[in-house]
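Hi everyone, thanks for making time this morning. Let me put the sequence and the structure up on the screen, and then we can walk through a few elements together.

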Amino acid sequence: MSHYQAPLADMSFQLFDVWQVQQFWQQQAELAELIDADTAAAILEEAAKITAEKIAPLAAAADEQGVSCVSGEVTTPSHYKECYQLLCEGGWTGLSGDPEYGGMGMPKSLSGLYDEMMCSADIAFSLYPGLTSGACVALLQHADEATKALYLPKLYSGEWSGTMCLTESHAGSDLGIMRSKAEPAGDGSYRISGEKIFITAGEHDLTDNIIHLVLAKLPDAPAGSRGISLFLVPKFKVDASGNLGERNSLICSSVEHKMGIHGSATCVMNFDGAEGYLIGEPHKGLACMFTMMNYERLAMGSQGLGAAERAYQNALAYANDRLQGRTVTKDGNKADAIIGHPDVKRMLLNISSINEAGRAFSVYVGHLLDQAKFAQDVKAQSRANLLTPVTKAFMTDRGLDSCVAAQQVFGGHGYIREWGMEQLVRDVRIAQIYEGTNGIQAADFMLRKVASDQGAVVLHLMRELTAGLSGSATKQIASAAGRFESATQSLLERGKTQPELLAWVANDYLDLTGYLLYAFMWDKMEAALDTAKHSEDFIQSKQLKAKFYYSRVLPRIESLFSLIEQFPAELSSAEAKLF
């Protein structure tokens, strides 16, 4: 069975030394009374206890039990109720929620680390409160005051949960062709009909009510995605005082049998004239739902990092314990621990150098969102928007890579269920797929983020980060950043005459951006090391991993530059029949 302990030392280092978020917190009236470094450290410590002691040890059992659906009622793994109640009692379900409606109001830079712990502990379990948090964000920004006052307190408390109902069997990412309908009932409500698939936590036994956010089309809807509206559809109808009434006309007809995240109920939901309420303006529902989707895409990054962190911890422990081969003693009668093998060191350093850069990047993006929210920083918001698809795609791609590498450290034992490594590989795989596949994220990044402003935001970010370089690889990173700028400008220019070029190289360009940003993260970490604050072992570990990243990981961008700069024009117009 795999184990997990939250990496609190590195989390504190990222928050308080690398990004020094406590200074920003004290400058904001909304945050100064709620949070400081000591309070944040206490929150992280308590979260570490819950995830390590209550949730993580039972992740394998949840995987084995899975969920079941009988006559529309879904049963989750046997211990999930107790774990969920622990979260509710501790206020964790409303950690970053608006205090006006009962949330704790914690900043994203902090709550993102809690998300990572939850995903390390059990990705499947984390999805139940995770989807609810996303639904809360959408309601907070787009619902009217009466709706927020009625639903948010129950969602923040964990008494109710939330879902996101987009996908239909014929309409995955192409939401404009959805068939779900919403008919006005004449009393301000609507009757929602249609079938939605892949609905995470669409039905379960953890809460008293489930609040579905459903995309559907009104009778007068324009064609395509501009005709989509968003509706709140509760499992049980709710009166003006928040009391539950009769069951709504909706049901879970089945749950999917999946490769991983077996403890998460992935449901087929049927709405048969269910009572619903419009959120936001008619035909503007997709924009409202993207508020929730972007929140969840950031959470996907936490899934990639969370799984990789647990995989690394177990691979490191195994490498220290497993005796196999002679690497030090050369004594034919005595085997050494496999951590002495250079290839095992390579795998472990590769995982940890990427994980720790990913954690720095996650805190950075969370801090950008805090600056946008609490200080109304427009530049920070534009950068957070830019980096959302990078967070989702790059962190989940590297998360799977790292879990597979950690499984490899175990050799044959990594393929056996009892060690827990194959579950991490199966569980994290979905993070590259849902909330918009990573191919869609790359296209969004390249076409909607970078090309739409001719690279203005991404190039300004890279120039600013380059100006702050001070570590051991300053020249190497600055040179790469300069080449990145030239490659970006050339690519955008070529894209004007080769329309499909940008889409062809989008994935390569996103990876290039991610590896370069992680190099900047390592430079920031190097600059934050302080002999007065940090132990000699901590400093040496960081320096070793930084050197490994610069010498063994960052050079991967050379092949990515080549793929982008030397893309054959004839491939852009290749006909599908030739495939």
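Here is one to start with: which residue in β7 is the bridge partner of leucine 215? It is leucine 230. Before I go on, a word on the source: this is a predicted model, where local features need pLDDT of at least 70, side-chain atom pairs count only at pLDDT 80 or more, and totals for chains, interfaces and linings use all residues. Residues are numbered from 1 along each chain as its sequence is written, and side-chain values use heavy atoms, with hydrogens and water left out.

Back to the strands. Helices (H or I, at least four residues) and strands (E, at least two) are DSSP runs, numbered from the N terminus, and two strands pair if DSSP finds at least two bridges between them. Strand β6, residues 209-216, pairs with β7, residues 229-234, in the antiparallel sense over six bridges. With β3, residues 160-165, β6 pairs in the parallel sense, again over six bridges; there, serine 161 has isoleucine 210 of β6 as its bridge partner.

How many of the residues of β6 are buried? Eight of eight, where buried means under 20% relative accessible area, with a 1.4 Å probe and protein chains only. Asn209, Ile211, Leu213 and Leu215 cover one side, and Ile210, His212, Val214 and Ala216 the other.

Now the helices. α4 (residues 37-55) packs on α7 (residues 108-142) at about 0°, with the axes 10 Å apart. Axes are lines fitted to C-alpha atoms, for helices over the stretch in contact, and angles run from 0 to 180 degrees between N-to-C directions. That makes α4 roughly parallel to α7, as angles under 35 degrees count as such, and over 145 as roughly antiparallel. The residues in that contact divide into 13 nonpolar, one polar and one charged. Nonpolar here is Ala, Val, Leu, Ile, Met, Phe, Trp, Tyr, Cys and Pro; charged is Asp, Glu, Lys and Arg; the others, Gly among them, are polar.

For the other pair, α9 (residues 285-321) and α12 (residues 421-429) pack at about 170°, with axes 10 Å apart, which makes α9 roughly antiparallel to α12. Gln303, Gly304, Ala307, Arg310, Ala311 and Asn314 of α9 meet Met421, Leu424 and Val428 of α12, contact meaning heavy atoms within 4.5 Å.

Finally, eight of the nine residues of α12 are buried, so α12 is largely enclosed by the rest of the structure.

How values were computed. Parallel < 35°, antiparallel > 145°, perpendicular 65-115°, else oblique. Buried < 20%, exposed > 50% of the residue type's maximum accessible area, 1.4 Å probe, protein only.
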